[in-house]
Amino acid sequence: MFEEFLEDIAQKNGLRGVNTYLKLATGLGAIILCLLSTSYFSPLFIALILTGSILVLARVDAKTYAGLFIVPFWFALFSVAGIILVSGGQEVFWRWDPFSWLSLSITRESINFGFLVFCRVMGGMSAMCFIALTTPMTDIFIVLRQCRIPEVVIDLAMIIYRTIFIIVDQVKQIYNAQVMRLGYSTFLESIHSFASMCGAVFIASWDAGEDLIRAMNARCYDGKFALLGETRPVEYLPLFAVMVFLSLSSLVVILSKDMTII
Amino acid sequence: MSSIILEARDIRYRYPRSMEAIRGISFHIRKGEKIALVGPNGAGKSTLLMMFNGMIRPDTGIILFDNQPVRYDTASLRTLRKRVGFVLQNPDRQIIAPTVYQDVAFGPTNLGYPETEVREAVTLALRHVGLEGFERRPPHQLSGGEKKRVAIAGVLAMDPDVLVFDEPTGGLDPSGSEDIMELLDELNLEGKTVIISTHDVELAYPWADRAILLLAGTILREDVPEVAFGNPEFVRTAHLSLPTLLELYIELQKRGFPLPEKKPLTVLDMMHIIEPLFQTTCCHTGTGTITVCNVDKDRQELLSAWLLARPKIPVGAMGTRAKQCASNEHIPLDFTYGVIDKCILKALLGEDTLILTTESMVERVYTRVDAYVTESGIHITVNPLAPGTGRAKKESGRQP
């Protein structure tokens, strides 16, 4: 359970020193381009480049990175299977009408569309991973403040961020204590153990909340939260790389707009 | 003598729906002092500490800071909390912000310092605790000792006059504890008054200028550590243990060695005391007898009668059931830990002792005494309380 957080990887990744805006522009730009593209090729192209930069530039362990794709991969696979069967088209390869109101078919158009959706998911995932693995939350808080998000929201987000780790730590301890005393051994026992863990964590969190108020008061809390103000400067090389990536991807989107798999 | 910075006058406090936690405490703390509040769990140490920066308001009595009674309106509390920094026992509960920099900057920012001053205060505080370069790290990635340092830096950044630490070494490894204690010394040398609460006697003994022994919400003793911890009676009443060095000193004293008046605070002091003793020789009188009572087998009446016949005999208890038995029978215990060794020490002084113990631990008494006897060549007799309940009676050791 909870061996490593994405956040921990992000804190130590090779692109930590790059300006946050550049990284966000890369990730968000890639997501938008994936959504705009009408062919399967450009999302794959984006996924390939981003994966390469995550593995090579950010020096994220390949196994960890692959692990992140397991759940979305299967999710996308099943969704796409559904899309292919349900959506119709002109050139029918296979057709089955189990009921009068339901007809399943595989057509050239549905395969093309399904594959496009699948590639978009993969492209989007790699862009999301790029942001998650290279930009720690602490850097995003600075961007949020510079974007004039209300201070209350940011302060709350920061306290929540800080508290998550404390609560997860508590969950870990309670979970281990339960396992050591043979909790989770049978299905019913698991339900029971989980419920009592939730109760214990709730009480512990409540306690932690009261302590938080005390800790803040002890340090003269007056509604202000310090923020590590400066972001790292924009350097020419990363800026150039991001511009090349985004324009190249846009070009691919435009050039490959009519490309289909079959 | 420097002036008084904190003073309590007959303060009392009761938590809602519970026992009185502080029952009439008065004391004062001078500027630049190192004070250790020592007491067992639930003695009221933390409650008392929380009063120093106005987190808890006493029900009756007053607390004075810098000779002014503490007032509890928001503005006064802010001033007080700026000057009295409080470091909680659990740094996880004290660190609020997602990065080290933000957390240390929390106090100064809320005090309304301009940005450059905040930055300066943070840099200074982090340098103080030796965490330069940790600014951007999130607290959950730090080790226990580092977290503690961040918590301390967060308080130092407000530049308080008094620093209050609740269990400063709680949960730290020995070297981490030593580092923290050294940091406290350093802060003290810079003129800050440092107050710690602890139940670690070994830690407080060499460190503190003055120790305040708390028990059940009252002050049991308030003095320099040599005196405060020097009385075994008090220390036992406070559910604490004697510092090893003091215990050694007292044992030497009992054996009639000529010792200097000043009690040892450090190993160096102790060596200074011991070295001249090698020239003199110890004069052994006859040894005492250790009697073993097996509380699982021996009858209560027998024990009571035996004790009645020997008033003032030192009694030790080993094992939970034995201690329970002693408290049921209202037998005052002289030793509750390291019992066998303490009884051997007594026997060497020629005094008889009684050990209350449980079935499973009887054998251990014999084994330990046998081992000592073989090693030292001094004869000590161990007897069961009722014949036939101990080990098959056997003369332990040989005559010297």
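## Reading a two-chain model, feature by feature

Reader: Let me start with one residue: where does A:R148 lie?

Author: A:R148 sits in the loop that runs between α6 (137-146) and α7 (151-180) of chain A. Helices (H or I, at least four residues) and strands (E, at least two) are DSSP runs, numbered from the N terminus. Before we go on, note that this is a predicted model, in which local features need pLDDT of at least 70 and side-chain atom pairs count only at pLDDT 80 or more, while totals for chains, interfaces and linings use all residues. Residues are numbered from 1 along each chain as its sequence is written, and chains are lettered from A and ligands numbered from 1 in the order in which they are written.

Reader: What is there to notice about the phi of A:R148?

Author: As a general idea, most residues other than glycine have a negative phi. Here A:R148, not a glycine, has a positive phi of about 65°. In chain B, B:E167 also has a positive phi, near 50°, and is a residue other than glycine. Look for B:E167 in the loop between β7 (162-166) and α7 (174-189) of chain B.

Reader: Which of the classes, buried, partly exposed or exposed, do A:R148 and B:E167 fall into?

Author: Count the other C-beta atoms, placed from the backbone, within 10 Å of the residue's own: 20 or more is buried, 12 or fewer is exposed, and anything in between is partly exposed. A:R148 counts as exposed because it has 7 such neighbours. B:E167 has 19, so it counts as partly exposed.

Reader: What does chain B look like overall?

Author: Chain B has 16 helices and 14 strands. Its C-alpha trace spans about 80 × 50 × 45 Å along the principal axes. Of its 400 residues, 41% are buried.

Reader: Which residues have the most contacts inside the largest nonpolar core?

Author: A nonpolar core is a set of buried Ala, Val, Leu, Ile, Met, Phe, Trp, Tyr and Cys residues joined through C-beta atoms within 7 Å. The largest has 93 residues, and B:L37, B:V38, B:V104 and B:V164 have the most contacts inside it. Helix α6(B) gives the largest share, six residues. A second, separate core has 34 residues, including A:L15, A:L33, A:L44 and A:V253.

Reader: In what order do the strands of the open sheet in chain B come?

Author: Strands of a sheet pair through backbone hydrogen bonds, either parallel or antiparallel. Two strands count as paired if DSSP finds at least two bridges between them. In chain B, four strands form the open sheet in the order β12-β13-β11-β14, with parallel pairing. The edges are β12 (315-317) and β14 (381-384), each pairing on one side only. From one strand to the next, the twist averages 25°. Helix α15 (339-348) of chain B packs on the sheet, touching β11, β12 and β13 (353-357), and its direction makes about 165° with that of β13(B). Such angles run from 0 to 180 degrees between N-to-C directions, with axes as lines fitted to C-alpha atoms, for helices over the stretch in contact.

Reader: How many bridges join β11 and β14 of chain B?

Author: Four bridges join β11 (289-294) to β14(B). One pair to find is B:T291 and its bridge partner B:N383 in β14(B).

Reader: How many residues does each chain give to the contact between chains A and B?

Author: Two residues are in contact if their C-beta atoms, placed from the backbone, lie within 7 Å. Chain B gives 30 residues and chain A gives 27. On the chain B side, α2 (74-83), α3 (91-94) and α4 (100-110) are the elements that give two or more residues, and α4(B) has the largest share with seven. By class, the chain B side has 13 nonpolar, 10 polar and seven charged residues. Here Ala, Val, Leu, Ile, Met, Phe, Trp, Tyr, Cys and Pro count as nonpolar, Asp, Glu, Lys and Arg as charged, and the others, Gly among them, as polar.
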